[in-house]
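Welcome! Take a moment to look over the structure below, and then we will walk through it together.

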Amino acid sequence: MIRSSTTIPIPRTVPVLPLHDKVLLPGVVTRLLIARRDSFPLFENILRTYSNKELGKCIIGVFPVRAPADRSSSASERATQASERGDTRSGKDGDESNSTPTSKESVIPGPSPASQVVRLGGTLDPSEIHSIGCAARLVRLERSAGGFSVVLEVLVRIRLDKITSQSPFFEAKVTPLYDQAVDKSDQELQDQIVTLRSISREFVSLLQTLKLPAPVLTQVQKFLDNVMVAPGQVVDLLMSTIEGTIEEKFMILNTVDIKDRISKAVELLTRQIHVLKISQKVHDSVEGKLNKKQREFYLREQLDAIKEELGEKDAPEDDEMTTIENRLTAANLPLEVQKAADRELKRLKKMQPTSSEYSVIRNYLDWLADLPWTKFSEDVLDVDRARKQLNDDHHGLGKVKRRILEYLAVTKLQQMKGSVKGPILCLVGPPGVGKTSLGRSIATAMGRKFHRIALGGVWDESEIRGHRRTYVGALPGVIIQGLKKCEVNNPIFLLDEIDKVGSRGHHGDPSAAFLEVLDPEQNSTFTDHYLNVPFDLSKILFIATANSVDTIPAPLLDRMELITIPGYTYAEKLAIATNHLLPKQIRVHGLEKDDVQVAQEALLKVATGYTRESGVRQLEREIGSLVRAKAVEYAEVQESKLSAVEVHVIKYQPLVTMADVEEILGQEKFVNEVTERLAVPGVVTGMAYNGVGGGIMFIEVSQMPGKGNLQLTGSLGDVIKESAQIALSWVKSHGYEIGLTNSPSQNVMEKADVHIHMPGGATPKDGPSAGIAMVCALVSMFSNKTVPSTTAMTGEFTLRGLVMPVGGIKEKVIAAHRAGVRKIIMPLRNQKDVTSDVPDNVRDDIEFYYASTIWEVLREAFEGRAPVRADTASACIDSRL
């Protein structure tokens with residue numbers, strides 16, 4: 001409530017009421033709930049001193065308390081929230097402040113703040129009390145639950161001169177700060193008042209659109225008519241009405257000068273007017289939409305009534321409920337699912353279409369009706385046709401093709417005896433070897449529908465098992481969504497990048513959700529959270545792809561049949577480029593088969609000199625560059641033929657030669673890492689394997705004067721560091737037998753430090769397979785003998801000198817062959833891996849030597865040049881034992 005200022009004498013000394021998180025301005029009538037214990041003595045004293053009739057004579061000082069800097073933001077928010085809960089004092093409380101105003105006292109109800117709770121708190125520091133406040137007259141004082149309820153009429157600004165007492169309540173000497181009379185000769189002030197009047201009337205007109213009570217608006221308008229006489233009162237009234245932060249209220253309270261106060265008030269009013277206009281625009285838009293919906297509903301009801309009178313009401317089969325029932329019947333639902341559908345359909349019939357639950361149940365029934373509960377596609381069980389399809393689409397990949405043909409053969413033999421559960425295959429291999437495209441070829445060969453599910457970056461278990469229908473926008477998981485798209489219950493699902501699925505988090509464990517999906521013994525009753533009924537997934541052929549099995553949890557890995565797809569050899573890449581990549585790029589670039597031809601040696605040069613990968617993706621990009629270059633030449637020749645001007649026409653040459661490759665692609669990006677190196681003492685070529693294929697790595701050893709310390713660099717893991725320690729220990733213990741020392745008791749590192757480094761420090765390296773290579777590198781450095789640069793080796797060994805088998809043989813051998821290695825030393829127990837996995841053309845180009853002891857490795861690595869003493873035969877025998 002707002003009251004006009006009256007001339008009431010202000011005592012020189014007044015009791016002080018500190019007010020937290022609230023700023024009062026002159027002219028405001030407000031109700032406060034006092035809950036601070038340190039303010040209780042003040043109102044206890046007032047009740048003892050004044051009767052109810054004399055209460056209006058009591059004048060107190062209301063001073064805001066400045067919040068500390070670290071709480072200013074929260075205090076500002078609380079003030080804004082308090083102002084939004086405005087107490088209009090419309091007469092519900094029966095306060096005397098709401099009585100009809102007399103002629104001497106004009107009362108203007110308005111959106112003043114709500115009842116302010118002065119909260120419980122500790123002892124107040126007098127220095128926190130603001131220096132400017134307001135004198136207020138008590139209108140009503142009552143006891144309430146937990147404190148007092150007081151109604152105050154704020155009269156005028158006052159300045160706190162001195163606190164005279166702090167107990168039992170604050171008292172202070174104050175000075176009233178009355179507004180100065182308006183000087184009509186001050187043209188600047190008169191201009192400001194005119195601007196204030198214009199802004200105020202615009203603000204009141206906007207308040208009218210909010211449909212405030214007519215008496216309120218009338219009294220506000222009358223009060224604003226006095227703006228030329230009392231502009232300060234008008235500013236305080238408007239600033240108490242609008243929404244503002246506590247800092248802005250402090251600013252208005254502190255501004256005693258009329259000109260400054262009007263200037264700041266105009267700025268805040270302009271902002272409030274802008275906010276009200278936006279709010280009104282949003283309100284009108286929402287109201288218009290509601291009116292449109294109500295009108296449409298009314299017209300539809302009228303239309304139904306007219307149709308019923310004319311006998312043109314829709315046939316029963318066109319009714320929505322009948323349509324849903326027919327769809328559910330046609331879906332041939334299982335018994336348990338049919339019960340759930342009937343239950344939900346019965347609920348749907350009792351609901352109004354405008355209900356929010358109606359759309360949820362309707363969507364659920366649509367999903368049940370759309371899923372292929374009994375629909376399936378007929379398999380093409382022609383083994384010869386499937387073999388031809390797989391061979392046409394992919395070169396090599398014998399293991400995968402053989403496993404698919406086995407599945408087809410078993411399905412064909414048992415078709416009359418019952419269904420065959422689909423296997424869970426996992427194709428593991430480096431990027432670009434054709435894992436994803438192989439899944440599509442399998443679907444084509446079997447005549448099944450194909451659906452790919454990208455699992456990279458899936459962190460939410462609900463994406464696999466679906467969301468429960470209690471959530472807004474809930475949907476089934478990707479498995480059920482894929483079945484709806486395929487429209488059959490026996491498609492081929494490609495679970496792409498299953499090794500990139502996220503681990504356990506606050507959204508669940510998506511990899512654990514696959515334990516049921518990929519288990520042939522459990523997935524026949526897979527239950528999606530959205531459907532909440534079982535669905536049979538056993539007829540689906542799941543094919544997963546991964547670059548590495550290291551990140552796949554062991555229980556999930558156990559449910560899949562792993563098929564490793566290694567990198568391609570140069571011969572395989574040449575065949576793939578000739579039969580698949582080149583024709584595809586020619587077709588993509590709008591050319592015919594005879595328009596571009598690439599010589600075999602040119603393709604081989606692209607594969608060896610411009611790519612260094614296990615797959616063929618980069619090879620396809622480079623071939624695309626060659627085709628684009630020929631496409632430009634072809635287009636220029638065609639344009640010259642169509643030109644009206646006779647010019648010398650250059651004959652188009654479709655063949656791409658070795659010279660053209662370097663001209664189009666530039667200098668070779670990769671050189672042969674092995675054959676280009678010279679043999680250096682202390683440097684040995686090792687063989688590595690990672691998640692994207694194999695490779696070679698160089699082990700460099702050097703010595704320097706020191707005290708026998710070992711230094712390891714090259715981003716090495718714990719296992720490979722242990723291999724280096726074992727290698728050095730073995731060399732030191734057998735220094736005399738190797739010929740590195742003159743006596744068995746002499747230490748080969750007595751006055752030297754050894755540094756072992758593996759180039760490529762940014763790439764982490766780990767594993768035990770570099771053991772024998774480190775021994776050879778140490779012996780080479782100490783004996784100053786070289787190991788041929790075209791000799792590579794891999795294998796783990798023990799302190800007794802036994803050479804142990806390692807993994808990744810095929811990938812390592814293919815990578816070594818790609819790098820130009822001509823001789824490989826490896827453990828004897830890995831001979832079966834070379835025989836069964838390594839392609840014939842690679843075995844023909846490389847000489848393999850299989851060793852069971854480290855002595856045999858040294859003999860072959862140094863080609864008999866290692867200074868091994870003659871009496872080491874017994875050592876060899878001991879190591880064999």
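## A helix on the inside

Six of its eight residues are buried, so α16 is largely enclosed by the rest of the structure.

**Helix α16 and its surroundings**
- The buried residues of α16 are Pro510, Ser511, Ala513, Phe514, Glu516 and Val517.
- What do the buried residues of α16 pack against? Among the helices there are α14 (462-465), α15 (478-486) and α17 (554-558).
- Strands join in too: β12 (492-496), β13 (526-527) and β15 (541-546) pack against the buried residues of α16.

**The whole chain**
- The protein chain has 29 helices and 27 strands.
- Of its 881 residues, 47% are buried.
- Take the contacts in the chain with a separation of 6 or more: 76% of them are between residues 24 or more positions apart.
- The chain exposes about 44,300 Å², and 51% of that area is supplied by carbon and sulfur atoms.

**How confident is the prediction?**
- The mean pLDDT of the protein chain is 81, with 84% of the residues at 70 or more.
- Residues 1-5 have a pLDDT under 50, and the model gives this stretch 34 contacts beyond four places in sequence.
- Residues 873-881 also have a pLDDT below 50, and this stretch has 11 contacts in the model beyond near neighbours in sequence.

Definitions and conventions. Residues numbered from 1 in each chain as written. Predicted model: local features only at pLDDT ≥ 70, side-chain atom pairs only at ≥ 80, totals over all residues. Heavy atoms only, no water. Helix = DSSP H or I, 4+ residues; strand = E, 2+ residues; numbered from the N terminus. Buried < 20%, exposed > 50% of the residue type's maximum accessible area, 1.4 Å probe, protein only. Contact = heavy atoms within 4.5 Å. Areas by Shrake-Rupley, 256 points an atom, 1.4 Å probe, with all protein chains shown as cover. pLDDT = per-residue confidence, 0-100.
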